[in-house]
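These are my notebook entries on one protein chain. I set down each thing I looked up, entry by entry.

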Amino acid sequence: MPELTVVVPAYAERENVLPLTAALEHALRGLDWEVIFVVDDALDGTEQLLRERAQEDRRVRCMHRIGRRGLASACIEGMLSSSAPFVAVIDADMQHDEGLLPALLDTLRKSDADIVVASRYMHGASTGQLAAGRVRVSRFASLVSRVLTKKLSDPMSGFFMVRRRFLEKVVRRLYGRGFKILLDLIAAARGDVRIAELPYSMRSRSHGESKLGVRVIAEFFMLILYHLFGRVVPARFFLFAAVGIVGLGVHLAVLTAMYSATRGQFLASQALATLAAMTSNFFLNNAFTYGDRRLRGSKLWRGLISFYVACGVGALINLALADWLFLRSMSYWAAGLIGAAVAAFWNFLTTASLTWGGSEPMTNKARTR
């Protein structure tokens, strides 16, 4: 059994995985270690390169995931597939300094820390040549994450090492989606965690592309909401509701334009505006709220029809409930608000199962070597 497992989530990182393997071999010389690359299928041959390397070095393992993506879930699967007492996570893009791994391990060996984090923002550390915009986004996310943890200078770090016994204690409380596994681990501990930090200087990416995008940002806020409210209201509901607010804007814009174009034909304008809002809501939810279950191809259009049906029923519930409350002397605004809220929960619950329920990530199709 190796003392240390290094877990490397990888998506479209073909040019980086072999240089990283060589760098790990140099940095960890004299230690008992292994590396597990968790490769989300990008059809670029990354997994084949790693299988060939694994034939030459038994310390190299490849877990190939088909039909699902996500850094956090990749890290969790990789960590759980190891039996080592210490587990590190490092990005495949070679922006992290693998030379710090022995120091991270030594810190865990000699202290009572549960996690030791490589920080870009403490004294002696640096973000290197990371673009100024990316640094601002990272610092803003770190500020927001203070609602979950005040113990870290760099809660957005993707480079850290954890004790196995701590991982096993919190793993069933993890959100497990998105791209910020460190924050997820610490938030799942609910304050019962000992943290150490070491400084490092981030390097520039030589190959591949950054995965930062709108979906990454949306998943970050869902992670925050999950740990704040997830035991009461599903975290996805908040993003679903936010998309609904955008849909309201689409509805009003189309209604205004069509009412003017048809010279006062309200019913036709309202019908087109409703259809436009539901359509925009479906595609936004498919991209962000259910990005990890995203519908594609023929499933996309079947999903759109089922979304129309579910939300159509929700609209009828809204009207019927609001009218019933209004007739029983409730104020019009309160009746309307309650009707809209109940319809929103209906739409969320029914579309979660009817539209996206059949497209759960394929948890039983990981290939390991």
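Entry 1: Does leucine 327 count as buried or exposed? Before answering, I note that the model is a predicted one. I looked up the relative accessibility of leucine 327 and found 59%. Exposed means over 50% relative accessible area, so leucine 327 counts as exposed. I then located leucine 327 in helix H11.

Entry 2: I looked up which elements give two or more residues to the nonpolar patch, and they are H11 and H12. H12 gives the most, with three residues.

**Entry 3: the second largest pocket.** I turned to the second largest pocket and recorded a volume of about 980 Å³. I found that 29 residues line this pocket, and that the closest to its centre are Leu248, Asn281, Ala315, Asn318 and Asn347. Which helices each supply at least two residues of the lining? I listed helix H9 (235-261), helix H10 (266-289), helix H11 (298-327) and helix H12 (332-354). The largest share comes from H9, with ten residues. I also sorted the lining by kind of residue: 18 are nonpolar, eleven are polar and none is charged.

**Entry 4: salt bridges.** Side chains of opposite charge can pair when their charged atoms come close. How many salt bridges does the structure hold? I recorded 17, and I examined several of them in turn.

I began with the side chains of arginine 59 and glutamate 25, which meet in a salt bridge at 3.4 Å, N to O. This pair links distant parts of the chain, 34 residues apart. Arginine 59 lies in the loop between helix H2 (46-56) and strand E3 (60-65), and glutamate 25 lies in helix H1 (residues 14-27). I looked up the cover of each partner. Arginine 59 counts as partly exposed, at 27% relative accessibility, and glutamate 25 also counts as partly exposed, at 33%.

I then took the salt bridge between the side chains of arginine 53 and glutamate 56, at 4.0 Å, N to O. Both residues lie in helix H2, three residues apart, which is about one turn of the helix. Is arginine 53 buried or exposed? Its relative accessible area is 18%, and buried means under 20%, so arginine 53 is buried. Glutamate 56, by contrast, is exposed, with a relative accessible area of 66%.

**Entry 5: a link across the sequence.** I looked up the salt bridge in which the side chains of glutamate 98 and arginine 203 meet, at 2.6 Å, N to O. Glutamate 98 lies in the loop between strand E4 (86-89) and helix H4 (101-110), and arginine 203 lies in the loop between strand E7 (195-199) and helix H8 (214-229). The pair therefore ties together parts that are 105 residues apart in sequence. Glutamate 98 is buried, with a relative accessible area of 10%, whereas arginine 203 counts as partly exposed, at 29% relative accessibility.

How values were computed:
Residues numbered from 1 in each chain as written. Predicted model: local features only at pLDDT ≥ 70, side-chain atom pairs only at ≥ 80, totals over all residues. Heavy atoms only, no water. 1 Å grid on protein atoms, 1.4 Å probe; cavity = no way out; pocket = protein on both sides within 12 Å on 5 of 7 lines; lining within 4 Å. Points joined across faces, edges and corners; volume = space filled by probe spheres on them. Helix = DSSP H or I, 4+ residues; strand = E, 2+ residues; numbered from the N terminus. Nonpolar A, V, L, I, M, F, W, Y, C, P; charged D, E, K, R; others polar. Buried < 20%, exposed > 50% of the residue type's maximum accessible area, 1.4 Å probe, protein only.
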